[in-house]
Amino acid sequence: MSPGYRVRPMSEFDLPAVMELERALFPGDAWSEDMMRSELAESTRHYYVACRSGGAAGEDGPVMAYAGLRAVPPDGDVQTIAVDRSWWGRGVASALLTELLGAAYTRGVREVLLEVRSDNPRAKELYRRFMFTEIGVRRGYYRDGVDAIVMRCSAPAAAIARTRGGEPSEALEFGEPVEGAGEDEEKA
Ligand SMILES: CC(C)(COP(=O)(O)OP(=O)(O)OC[C@H]1O[C@@H](n2cnc3c(N)ncnc32)[C@H](O)[C@@H]1OP(=O)(O)O)[C@@H](O)C(=O)NCCC(=O)NCCS
């Protein structure tokens, strides 16, 4: 059965929809549009969106989730991941994380790190399912003083195989990076 959405690389044209989600889903920590734009332009970054499928003539529907990876082999970071609230619990974040870990692995990344708010059990649980383990705490990392939990996945390929997300889509595995500069702040 079709999941009702498809994952594809993010482009600049997705920025208005992505920024709307960003402001709604990270009320205290939202990135600016300029930050998001420079992330997209940086060659080490790989961003994806999930959009509703099934539109007229097979067109993509609205963007309802996005996620980004920083890949500097052998290291990688999950920069951010967010899903429209009305789509929570339907595997969209799992599909995006599968895509990120697949993109990481095919580029030679063997260890993926991320930061997650200590008061975000839902995200922590998602990452645990993908074999991320807690390796440290950054005190007061977020703007409102909340700690960040640092998590690491040392086996991205095994994490993909183990979760129900299955294999990342073949078409996206070797997506061409674009040149440019970016910021280094991580949301996830
Ligand atoms: C954290 C977040 C990204 C999770 O997104 P999500 O799409 O709901 O995540 P998933 O659906 O993949 O997995 C979450 C739940 O759905 C369940 N699920 C996964 N696939 C499913 C499917 N096909 N059908 C039904 N349920 C499914 C999972 O078991 C999990 O259940 P649980 O919450 O009871 O453990 C989302 O809540 C979010 O955007 N939060 C705000 C932004 C944020 O905090 N981002 C993280 C920054 S570190």
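## Strand β2 and its cover

Let's start with strand β2, which spans residues 45-52 of this predicted model. Of its eight residues, six are buried, so the strand is mostly covered.

## The neighbours of β2

Strand β2 pairs with strand β1, made of residues 5-9, through five bridges. These two strands run antiparallel. To find one of the pairings in the structure above, look for P9: its bridge partner in β2 is Y48.

Strand β2 also pairs with strand β3, which covers residues 63-72. Here seven bridges join the two strands, and they too run antiparallel. For an example, pick out V49, whose bridge partner in β3 is Y66.

## Two helices that cross

Now for the helices. Two packed helices are described by the angle between their axes and the distance between the axes. Helix α1 takes in residues 15-25, and helix α2 takes in residues 33-41. Their axes come within 11 Å and cross at roughly 125 degrees. The crossing of α1 and α2 is right-handed.

## Where the helices touch

Which residues of α1 meet α2? On the α1 side they are L15, V18, M19 and E22. Facing them in α2 are E33, M36 and R37. Sorted by class, this contact has four nonpolar and three charged residues, with no polar ones.

Definitions and conventions: Residues are numbered from 1 along each chain as its sequence is written. This is a predicted model: local features need pLDDT of at least 70, side-chain atom pairs count only at pLDDT 80 or more; totals for chains, interfaces and linings use all residues. Axes are lines fitted to C-alpha atoms, for helices over the stretch in contact, and angles run from 0 to 180 degrees between N-to-C directions. Helices (H or I, at least four residues) and strands (E, at least two) are DSSP runs, numbered from the N terminus. A crossing is left-handed if the near helix is turned anticlockwise from the far one by less than a right angle, and right-handed if clockwise. Two residues are in contact if their C-beta atoms, placed from the backbone, lie within 7 Å. Ala, Val, Leu, Ile, Met, Phe, Trp, Tyr, Cys and Pro count as nonpolar, Asp, Glu, Lys and Arg as charged, and the others, Gly among them, as polar. A residue is buried if 20 or more other C-beta atoms lie within 10 Å of its own, exposed if 12 or fewer, and partly exposed in between; C-beta atoms are placed from the backbone. Two strands pair if DSSP finds at least two bridges between them.
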